[in-house]
Amino acid sequence: MITKGIRGAITVEENTSKAIEEATLKLLKEMVEKNNIEISMISHVIFTLTSDLNAEFPAKFARINLDWKDVAMTCFTELDVPNALKKCLRVLIVVNCGENFIPEFVYLDGAEVLRK
């Protein structure tokens, strides 16, 4: 068994708890589905948000809505790079998996530009 990271990002409509919750759950559900992730596979999760998103911690919504109660999660502010994508929530899900596992990264709602 080895450890691999799965990257994802999404833009958030506005700096509110509700908008952060909706974006967080949309992104995580897509990442889980595309990568066939089971909770027991998750080592830890790192969330970052641009400085214009500070209304809520995205980890809270994973813990409450996805039942990730025993998953180690933390949230950070993204580096404030000039001309970077605004209102962006990024996530790194680190999973324990087999060597043949190929992570599928997920970029939604305008965050696709991060992969160009």
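What is the volume of the largest pocket?

1. **Pocket volume.** This is a predicted model. Its largest pocket has a volume of about 170 Å³.

2. **Pocket lining.** The lining runs through Ile10, Thr11, Val12, Glu13, Glu14 and Thr16, then Lys18, Ala19, Glu22, Ala23, Lys26 and Asp109. By class, six of the lining residues are charged, four are nonpolar and two are polar.

3. **Elements behind the pocket.** E1 and H1 each supply at least two lining residues. H1 gives the largest share, five residues.

4. **Sheet order.** Five strands form an open sheet with mixed pairing. The order is E3-E2-E4-E1-E5. Strands E3 (72–77) and E5 (106–108) stand at the edges, and each has a single partner strand, so one side of each lacks a neighbour in the sheet. Neighbouring strands are turned by 15 degrees against each other on average, direction ignored.

5. **The E2–E4 pair.** Strand E2 (residues 42–49) and strand E4 (residues 88–97) run antiparallel, joined by seven bridges.

6. **Helix H1.** H1 (residues 17–35) packs on the sheet. It touches E1 (2–11), E2, E4 and E5. The direction of H1 makes about 140 degrees with that of E1.

7. **Helix H2.** H2 (residues 58–65) also packs on the sheet, touching E2, E3 and E4. The direction of H2 makes about 155 degrees with that of E3.

Definitions and conventions. Residues numbered from 1 in each chain as written. Predicted model: local features only at pLDDT ≥ 70, side-chain atom pairs only at ≥ 80, totals over all residues. Heavy atoms only, no water. Pairing = 2+ DSSP bridges. Helix = DSSP H or I, 4+ residues; strand = E, 2+ residues; numbered from the N terminus. Axes fitted to C-alpha atoms, helices over the stretch in contact; angles between N-to-C directions. Contact = heavy atoms within 4.5 Å. 1 Å grid on protein atoms, 1.4 Å probe; cavity = no way out; pocket = protein on both sides within 12 Å on 5 of 7 lines; lining within 4 Å. Points joined across faces, edges and corners; volume = space filled by probe spheres on them. Nonpolar A, V, L, I, M, F, W, Y, C, P; charged D, E, K, R; others polar.
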